[in-house]
Amino acid sequence: MKHAPLALILCLLASPALAQDAPDMEITLTPAAPGDDGFVRRLDVAIRFEQAGTTPSLIEMPITRHTVPTSATGILGFALTDDEGFLPNTVQDETLDDADQTRKWTPERAPQGTVTIAYSVRIDPDLPELARPQYEMRTRNGVFSGAGLSFLPLPADDVARNVTLRWNLSAMPKGAVGLSSLGTGSLTSTEPLTPADLASSYFMAGTLHSYRKDNFFAGWDSPFAFDGSELMQWAADLQEFYGDFFQIRPEHFGVFARVNTANPGSGIGLKDSFAFTYDEAMGPDEPKNLLAHEMLHAWVNSLDRSMDQVDGFASSWFGEGLAVHYQRLLPYRAGLISAEQFLQDLNSTAGRYYTNIMMHVPNDQIGAGFWKDTRIRVLPYDRGSLYFAKVDAQIRAASDGKRSLDDIVRAMLQEREAGRPMDLPLWKRLLEAELGQQGIDEFEAMLTGAEVVVPADAFGPCFTRVSTPLRRFDLGFAPASLLTPERKVSGLKPGSNAEMAGLRDGDRILNSFSQDGLQGDQTRTLDLKIVRGDDTLSISYKPRGEEVPAWQWISQNCGDKAP
C-alpha cells in the first residue's frame, strides 16, 4: 500500500524555539553488537522524564497498533524508579478496538521528582515479515529499525517536553550511525515533543546506508537494486518544491527505508519523516509515488478532530485524499515526473475507485471496515483524491481560472500555523465561499458514499477523460478468511477465477501479500502458497470479477505541460 494508516493522525507545525519552561525528557538507546549473521538482537533503553501529567496511569505503550504487534510483551528487566527509589506499580492491558491494544503502568504511590524507566527489548530476526504498517522492530545487515510506539513506554499524558536523545553505539562496528525522526545522531529536540510525537517517530541505527542534503536526510538498511542516493536526491528536490508550494518549510525531514519482501512499497507517515519498504526487484521509479505521498503528510495532514471523530478515520478523506491528489500533481508541476507517470498514477487511482464494489460505503463506516477489507481501506485515498480533483476543477471554472483548490489548502494551513483550528467547519466555510450551497451539498453526498464523477477537463486540455471497461477486484473467496489465525479459505465463489484456478474451501494460505496494491493493478496475478491435507500447492490467478465501465484519462500530446 502506498500510504499508511498512522499518517491519519500526524501534523507538522513550524518549529518554535526550545521552550525554557517545558519539562525535560532523556532517552538513551544502547544497541547490542550485531552477531556474525548481522542481526542486532537486543536494545537497552533508559528513559528519564519529569512527571508533569495528571493521568492515573504513569506510562503506556501499545501492545498492538493498527493490528501490528509491538515489543510490549518482549520487554526484559523492566525497572521503574523515581527520586525516592523503586516505584511500585500495577500493569493493566486495555483493548481499544479490533486493531489496537495498549498496556498501562499505574503507580501505587505518587511519583516524586524525575521518573526513570530502564529495560531491554528483544529484536527477533526470525519474526515473519508482515504485510502491515512497518512499525515493529526489525534487524538485518547490522542495522535495527522501528517506530517509537513499538518499543518506547512513554508518559501517559499529552505534555510537550524538551527531549534529549542519546545514541550509545559503543558496541556497534566502526562507522555505525544513529538516525531518528528528530535528526541525525545524539541531539536535543529543537521544539518540545509530546509522547504522541515520540511514538510516531522512527529510529534506525547501525552500519546503514545514508544520504543528506541541507535539512533532508535518509537512511536504509540494505542496498537498493539501483543507486539509492539518486532516489533520495529526487526526494530531496521534491521536498524543497513542497516547501515552496505550501509556503512552509520544516526544520528537517527524514526518510527511512527497510527491506520487506512480503509487502514492498508500503509506507507510514511519521513525525517530520516517513518510512517505507522495498525489495531487490523494485525499480528506481517505483518508490517515487510513495515518497511523494508520504512527504506530503508533513504539510497536508488530517483535519483537527472533533469529539465525534475519535478514531481518525472520519477525517481521513481529507488528509489521505489530498495526499493522493497532490502526490502526482506537484511532482508533475515540478518536472520530477513525466506526463506518462502522471497518467499512470491517476488512472491506477481512478480504476481502483470506479471498479470498487464498495464504492458507496459511507464515510462513517470506513473505520469499522478499514482493517478488515482492502476495498474499504482504499476508499479514503481513492474517493478523497478524485473528490479534490473535482473540487479543483469546479473552483477553476467558477473563478475563470483565477483560483483553485491550492488557495483553499494554503488558507487552511495558514490557520493551523496561526494556532487556530484546521477543522471540518473551516473546510466547509472555505468551500461554500468558492462554490456556494451546491459545493456543500456535493460534499455531504460524497461523505454518504455518492459516486464522485470528475469533470472531463479536470486535468487540463492535455488530458481527456474516456470510459474504459475494467474488471472489479475479487479475491474469489471471503476476505475475512485472511483475518483468521489459520487463514483458511472460506466462502469460495462458484465460477470465480479462484475456483477455476483450483482453490478450494478449507485450503490454508501460507504466504502474505498486499491486497491494496493488487487491487489497483488490473494485470497483476495473485500467487498463493497453500496447504491442502498433506500437500503444499501453488495456485495463481488474476483476482478479477465482472467487467464494469470506469473513467480513465488519456494524453492529448501536449508535452509535459502540467495542469
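Q: Aspartate 157: buried or exposed?
A: Aspartate 157 has a relative accessibility of 15%, so the residue counts as buried. Buried means under 20% relative accessible area, exposed over 50%, and partly exposed in between, with a 1.4 Å probe and protein chains only. This is a predicted model, where local features need pLDDT of at least 70 and side-chain atom pairs count only at pLDDT 80 or more, while totals for chains, interfaces and linings use all residues. Side-chain values use heavy atoms, leaving out hydrogens and water, and residues are numbered from 1 along each chain as its sequence is written.

Q: What does aspartate 157 form a salt bridge with?
A: The partner is arginine 161, with the closest N and O atoms 3.0 Å apart. A salt bridge here is a side-chain nitrogen of Lys or Arg within 4 Å of a carboxyl oxygen of Asp or Glu. Arginine 161 is buried, at a relative accessible area of 1%.

Q: Which residues do salt bridges with shared partners join into one network?
A: Glu26, Arg48 and Arg166 are joined that way.

Q: How many salt bridges by this rule?
A: The count is 33.

Q: What does arginine 109 meet in a salt bridge?
A: Its side chain meets that of aspartate 82, at 2.8 Å from N to O. Arginine 109 sits in the loop between β8 (101-107) and β9 (114-122) and aspartate 82 in strand β5 (residues 75-82), so the pair ties together parts 27 residues apart in sequence. Strands are DSSP runs of E, at least two residues, and helices are runs of H or I, at least four, both numbered from the N terminus.

Q: And how accessible is arginine 109?
A: Arginine 109 is partly exposed at 24% relative accessibility, whereas aspartate 82 is buried at 7%.

Q: Which residue does aspartate 93 meet in a salt bridge?
A: Arginine 103, at 2.7 Å from N to O. This pair links distant parts of the chain, with aspartate 93 in strand β7 (residues 89-95) and arginine 103 in strand β8, 10 residues apart. Aspartate 93 is partly exposed, with a relative accessible area of 42%, and arginine 103 is buried at 17% relative accessibility.

Q: Switching to helices. At what angle do α3 and α4 pack?
A: Helix α3 (residues 286-296) and helix α4 (residues 316-333) pack at about 125 degrees, and their axes are 8 Å apart. Axes are lines fitted to C-alpha atoms, for helices over the stretch in contact, and angles run from 0 to 180 degrees between N-to-C directions. The two are therefore oblique to each other; angles under 35 degrees count as roughly parallel, over 145 as roughly antiparallel, 65 to 115 as roughly perpendicular and the rest as oblique.

Q: Which residues in α3 meet α4?
A: Asn289, Ala292, His293 and Leu296 in α3 meet a set in α4 including Tyr326, Gln327, Leu330 and Pro331. Contact means heavy atoms within 4.5 Å.

Q: What about α2 and α4, how do they cross?
A: The axes of helix α2 (residues 228-246) and α4 come within 10 Å and cross at roughly 95 degrees, and the helices are therefore roughly perpendicular. Leu238, Phe241, Tyr242, Phe245 and Phe246 in α2 meet Tyr326, Gln327, Leu330, Pro331 and Arg333 in α4.

Q: Last one. Where is threonine 355 found?
A: Threonine 355 is in the loop between α5 (339-354) and α6 (366-369), and is buried at 3% relative accessibility. Not counting residues up to four places away in sequence, threonine 355 touches Leu470, Arg471, Arg472, Phe473, Gln522, Val548 and Ala550.
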